[in-house]
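I opened a new page for this structure. The entries below record what I looked up, in order.

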Amino acid sequence: MEKQSQPDLEQNEQDQPTRALTDSLQQKLDYLSTLRQAITAGDDRLIYELIDGDHYHQALLNEEPNATRNTQVDLITDVHPAISHYLSTKLIDYLAHEYPFFYYEETQLGEFQIYFGNWWDRRQFGKLNVLKVAFEFSQAEFNKLQKTFELAAAHKRFNTDGIQRISAANDQLQALIDAQDDRDRQKDDLRQQLKENGQRNSLFDSGRIKEERQQIIDQLTKLADEDEQANNAHATMKDNEAKILTLSKEDTILAYEKQAIETAFKSFENFNERNRSLYTDYLTTLIGKAQVSADGE
Amino acid sequence: MANDETTKIDAATLSTHGKLSMFNQGLKSGLANGQKFTELMDQLIDTTDGETLLQAARTLSDFKLDSAYVTFPHQYQNADYYLIFMSRLLSMHDDEQAILNTRAHSESLYHVFEGLSDDYTFLYQVVDNENGGAYYHEQTTGENLFYVHLERRLLRFNSRAFTNLFINKLLLKGVGTDQINTVLATLINFGHYLRDDFGFNVDFNILDVDNAAKYELREANLSGEVVDKLFVTAAEHDYMLQNSPAGHGAEIQLPGSLVVDVFDAGQSQKADWVITVHDPEQRVSWFDVLLHFDFMRDWYLENIDALEIKADPLVFA
C-alpha cells in the first residue's frame, strides 16, 4: 500500500494503529519498570502479582479468571530463573519456619532441589517451584510416604512384609545348612537301602522292587538338591542381608519423615492441606508484612 | 700397625705372665662391667630424677652383664628394666595401680593391676631386630598394648590390642567399666608422663581424647553400607545419624554434648574415612565411646574389618 507523506502532521497526532503501538509499548515499559522497582524495593508481593496477576487475583482476591491480567508476563520468561533466584531468599526463610524438615539446594540458577530431613542419606524429594510457590514432589517418593502413613494404622512399616519375607527365606536357608548332618545320615541310609534293593532278586516281586528303587533314587536326588542349595546358601544369605539392610534403611528414613510431618503438622492430611494453600498462605503473609511496615510509617 | 700385630698374636704363643695378665684384665673389666651395672641399678631403683631414671633404663635395656671371664648366675632380663622403669615413673607420679611382682624362685618381673584379676599379667617383650624397643604385652591373651622405644623416645598405642583385651575379653565377660577405666587411666598416664617429662612422641591412637584426633579406619574407602548399618541401629536406639557437616559422611550426637563423626577426610582423589569424637572438655576418646555406648560398640565390632582404627603400621603390622 502506498503511504502518503504527511509532513504537516504533529507527532502527537499519530494515526490510530501507531498510537495503539506506542501505548502498548508504553504499557510494556510500565510493566517492566514496575517490576524493576519492585525488585529494587524488595516488594516480593508485587513481584508475584506481576509475574502471574491472574493467579494472584483469583487466589487472593477471589476474583474470576481474566487472562488480560497476564498480557505482559511473556516479556520476562527469559529472566524467570533470575527472578526465581531472587524470590527464593524470602520464600525459603518462610518455608524453613513452616516446613522445618525441608532443605533446599539450588542446583542451577533459580532451580531448587528439595531434600527431606538432615539425616544420613536423606531423600531427594522433588523440586520447589519458587515462582508458583509450590512443591513439586517426586511422585515415587511421595507415594512411599503416603503408604507409610496408611500402614502406620496397622502398626506396619513400608517394608515390614518385604523384610519378613527375606528373613524367613534366610531362616530357611539356615535350617538347610543346619540339617546337613541329618541329610548325610539319610543319604547313608538310602544308599544302604539301595544296595539291599539291588541284591534282592525276586521273580514275582520285580515290579515292586523296581518301584522301591526308583523311590530311593528320587529321595537321594532330592537330598542332593538340598545339599547344593545349602552350599550356595551363605552367598544368598549375605545378599539377603544386604537387601534387608536396604529395606530397613528405607523404613528408618520413612519413619523419620513421618515423624517430622507429625511434629510440624500433626497429620499427613494437614500437611497436604497446607501444601495446597501454600501460595495463598505465603502471599497473605507478604501482604501482612507490607501492611505492618505501611502502618509503621 | 705394630699394635694390630700384637693383639693378633694367638694366646697359645703368650708367655705365662702374659696369659695371667690377660686373665686378670678380663676379670677386671668383667667386674668393672658388673660395677657399672650395679650403679645403673642403683639409679634405676632409687633415683628421684626423671632423666637419670630414663638414662639408666635405656642403658640397662640392652646391657650385657656377662663377659668372657665373669658371669652372674642371678640376673633379670633386659625386658624387666622396662617394667621397673615404668613402675618407677608411675610411682614418681603417685600412680600405684600397676603392681610390680616377682615370680617365685626366679628373677623375673611382671605387672598385675589392682582393678583386674591376677589372671592378666603384663610384661615387656624386647624386639629382637635392629629396630629395638619393646612391646608391653599381656601374657594370657598375647596382646601387645603398646610399643615403646626409650632411645628414640616414642610410644605407640595399639587399637586392636585394647579392643581385644579390654572389650572382648573383659567388658563383654562382665568386668565393669570402672575397673577397666582405672587400668586404662594408668596406661594413658604413662603416655602422658613420657610425653610431658621426656618429650616422647606419643600416639595415643584409639585412646586419644583430643578433639582434633582423627582415628583412621582400616578401610580407607569405607563402604556406604557400613554407615547405613549405623543409621539403622542408631534409630533403633533413638539416636539419629545425620549428615556430617565435616563433609561426606555422618554425625551422631550422644548425651553429654558428645558428637561422633564418621566421614571422608581425604582429598578428592583418595578417600580417607576417619572417625572423630568431640566433647566440650576433650575427655572422651573413641575407645570411651565404645565402652559406654553398647550399640556403637556392637556396630564397631560387627564391622571391625572395615572400621578398625589403624595403629602405627611400622610397629603394628
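Before looking at helix pairs, I noted how a crossing angle is taken: axes are lines fitted to C-alpha atoms, for helices over the stretch in contact, and angles run from 0 to 180 degrees between N-to-C directions. I also noted that the model is predicted.

**Entry 1: a helix pair in chain A.** I looked up helix α7 (residues 180–199) and helix α8 (residues 206–265) of chain A; their axes come within 10 Å and cross at roughly 155 degrees. Angles over 145 degrees count as roughly antiparallel, so α7(A) is roughly antiparallel to α8(A). The crossing of α7(A) past α8(A) is left-handed. I then listed the residues that make the contact: from α7(A) they include A:L190 and A:L194, and from α8(A) they include A:I216, A:L220 and A:L223. By class, the residues of this contact are seven nonpolar, five polar and six charged.

**Entry 2: chain A as a whole.** I found ten helices and four strands in chain A. Read from the N terminus, the order of elements is α-α-α-α-β-β-β-β-α-α-α-α-α-α. The radius of gyration of chain A is 37 Å, well over the 19 Å that the globule rule gives for 297 residues, so chain A is more spread out than a compact globule. Along the principal axes, the C-alpha atoms of chain A fill a box of roughly 135 × 60 × 30 Å.

**Entry 3: a helix pair in chain B.** I turned to helix α3 (residues 50–61) and helix α4 (residues 78–92) of chain B, which pack at an angle of about 170 degrees with their axes 8 Å apart. α3(B) and α4(B) are therefore roughly antiparallel to each other. α3(B) passes α4(B) in a left-handed crossing. Among the residues in contact are B:L53, B:A57 and B:L60 of α3(B), and B:Y81, B:F85 and B:L89 of α4(B). I sorted the residues of this contact into eight nonpolar, three polar and one charged.

**Entry 4: a sheet in chain B.** I traced an open sheet of five strands in chain B, in the order β8-β12-β11-β10-β9, with antiparallel pairing. Its edge strands are β8 (215–216) and β9 (241–243) of chain B, each of which pairs on one side only. β8(B) is joined to strand β12 (residues 273–278) of chain B by two bridges. I looked up one partner: B:Y215 is bridged to B:I275 in β12(B).

**Entry 5: where the chains touch.** How many residues does each chain give to the contact? I found ten from chain A and twelve from chain B.

Definitions and conventions: Residues numbered from 1 in each chain as written. Chains lettered and ligands numbered in written order. Predicted model: local features only at pLDDT ≥ 70, side-chain atom pairs only at ≥ 80, totals over all residues. Contact = placed C-beta atoms within 7 Å. Pairing = 2+ DSSP bridges. Parallel < 35°, antiparallel > 145°, perpendicular 65-115°, else oblique. Left-handed = near helix turned anticlockwise from the far one by under 90°. Nonpolar A, V, L, I, M, F, W, Y, C, P; charged D, E, K, R; others polar. Rg over C-alpha atoms; globule rule 2.2 N^0.38 Å.
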